[in-house]
Amino acid sequence: MAKGKTTFDELLCKGCGLCVEVCPQKIIAIKKDYVTSKGYHPAYVTDSEKCTGCANCAIMCPDSAITVERD
Amino acid sequence: MSVVYQKSRGLTDVSTHYCPGCTHGIIHKLVAECLVELDILEKSIGVAPVGCAVLAYDYFNCDMQEAAHGRAPAVGTGIKRVQPDKFVFTYQGDGDLASIGSNEIVQVAHRGEKISTIFVNNAIYGMTGGQMAPTTLIGQKTTTCQDGRKEELAGKPIKISEMLATIDGAKYIARVSVDSPAHIRQAKKAIMRAFQTQLEGKGFSLVEVISSCPTNWGKSPVEALNWLRDNMIPYYPLGVYKDWEAE
C-alpha cells in the first residue's frame with residue numbers, strides 16, 4: 001500500500017520536468033506520446049505504489065499543478 | 001489520506017504565461033503561501049513590475065497595482081502611507097529593480113518604508129528577449145553581449161542585497177534560491193521573516209531570490225537550475241544579510 005498519492009492537473013502542467021528531477025523515488029516521468037490541450041507533454045507517476053508523499057515534486061512545481069496526499 | 005500539498009488559495013485559478021520551468025511560478029507560490037499562512041491575504045496589496053512578472057496582478061489572489069518600470073517601490077510607498085493598516089509588497093525582477101529602478105530601491109530602503117520587496121534575480125532581461133542586465137555574470141552570453149559580459153566594458157554584476165544591507169532603514173535583507181526543494185523551504189522562511197518585519201512595523205525588508213531563465217539562457221529547465229547552482233550562487237552567496245532581531 002502506497003503511503004502517498006500524487007495527482008497532476010494536466011491543464012496546469014507544462015512538462016518542464018523539474019518534478020522528475022527531484023523525486024527521490026524516481027517514479028515521475030514525462031508522457032512523450034501524449035500532448036495536452038495546451039500543447040505540452042505532461043508529467044505522470046509511473047509507479048504510484050512507491051510514492052511516499054514527500055511532496056518534493058509539488059514544492060518544485062512552478063505551475064502548482066501537483067496535489068499530494070499522505071497517510 | 002490527507003492533503004499535504006496543494007495549490008495555494010493565495011493564487012488565482014489562472015494558468016501563468018511563464019515559460020515551462022520558469023522559477024517565477026515557484027516564487028509566486030511561496031509569496032502566496034506566506035500571505036495565507038500569516039492570514040494577511042485579505043489585507044494585502046501587491047505591486048507588479050514591468051518585466052516577465054508584469055502580469056503578476058492576474059496571479060495573486062489579493063489586490064494588485066501595476067507600476068511603471070522600476071517604480072514599484074514608489075507606488076508601494078504611496079499605498080502604504082495612505083493605508084498604513086494594509087500589507088504592501090512589491091514583486092520585481094532584476095531588469096526592473098537593479099537597473100532602471102535602482103534609485104527607487106535605494107531610496108525606499110533609506111526612508112525605511114514599511115513595505116516588503118521580492119527581488120527576482122535571474123541575471124538577464126527575460127520579457128524583452130534576453131539582453132544583458134546589471135546582474136548578468138562576467139562571461140555570461142546575452143543578446144547584447146554575445147561574447148559574454150566583459151568587466152572592462154560593463155563592470156561587475158551588481159550585488160543588491162549586500163548594498164542594501166548597509167542602509168539603516170533596511171531591517172531585513174536576505175538572499176535565497178529556488179533551485180531545490182531544500183532551498184525553496186529556506187526561501188519561504190526568509191519571505192515569512194521579511195513579511196513579519198513589515199507586520200511588526202520595523203522598516204523595509206527585501207528578499208532576493210536567485211532564479212532561472214531557461215528560455216533566454218538557452219537551456220532546459222533542469223540544465224538552467226544546474227547552471228544557476230554552479231555559476232550564480234558562487235557569485236551571489238545565499239544568506240541573511242541583515243536581520244533587525246539580531247541587531
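Reply: Happy to! Helices (H or I, at least four residues) and strands (E, at least two) are DSSP runs, numbered from the N terminus, and the expected span of a helix is 1.5 Å times one less than its number of residues. This is a predicted model, in which local features need pLDDT of at least 70, side-chain atom pairs count only at pLDDT 80 or more, and totals for chains, interfaces and linings use all residues. Residues are numbered from 1 along each chain as its sequence is written, chains are lettered from A and ligands numbered from 1 in the order in which they are written, and side-chain values use heavy atoms, with hydrogens and water left out.

Now to helix H7 of chain B, residues 181-199: its 19 residues should span 27 Å at 1.5 Å a residue, and because its end C-alpha atoms are 27 Å apart, the two values agree. Just after H7(B) comes B:Gly201, with a positive phi of about 70°.

H7(B) also gives the second largest pocket the largest share of its lining, 4 residues. A pocket here is an open set of points on a 1 Å grid over the protein atoms alone, where a 1.4 Å probe fits, with protein on both sides within 12 Å along at least five of seven lines; lining residues have an atom within 4 Å of a point. Strand S1 (2-5) and helix H1 (24-37) of chain B each supply at least two lining residues as well. Among the lining residues are A:Ile59, B:Tyr5, B:Glu33, B:Ile184 and B:Lys188.
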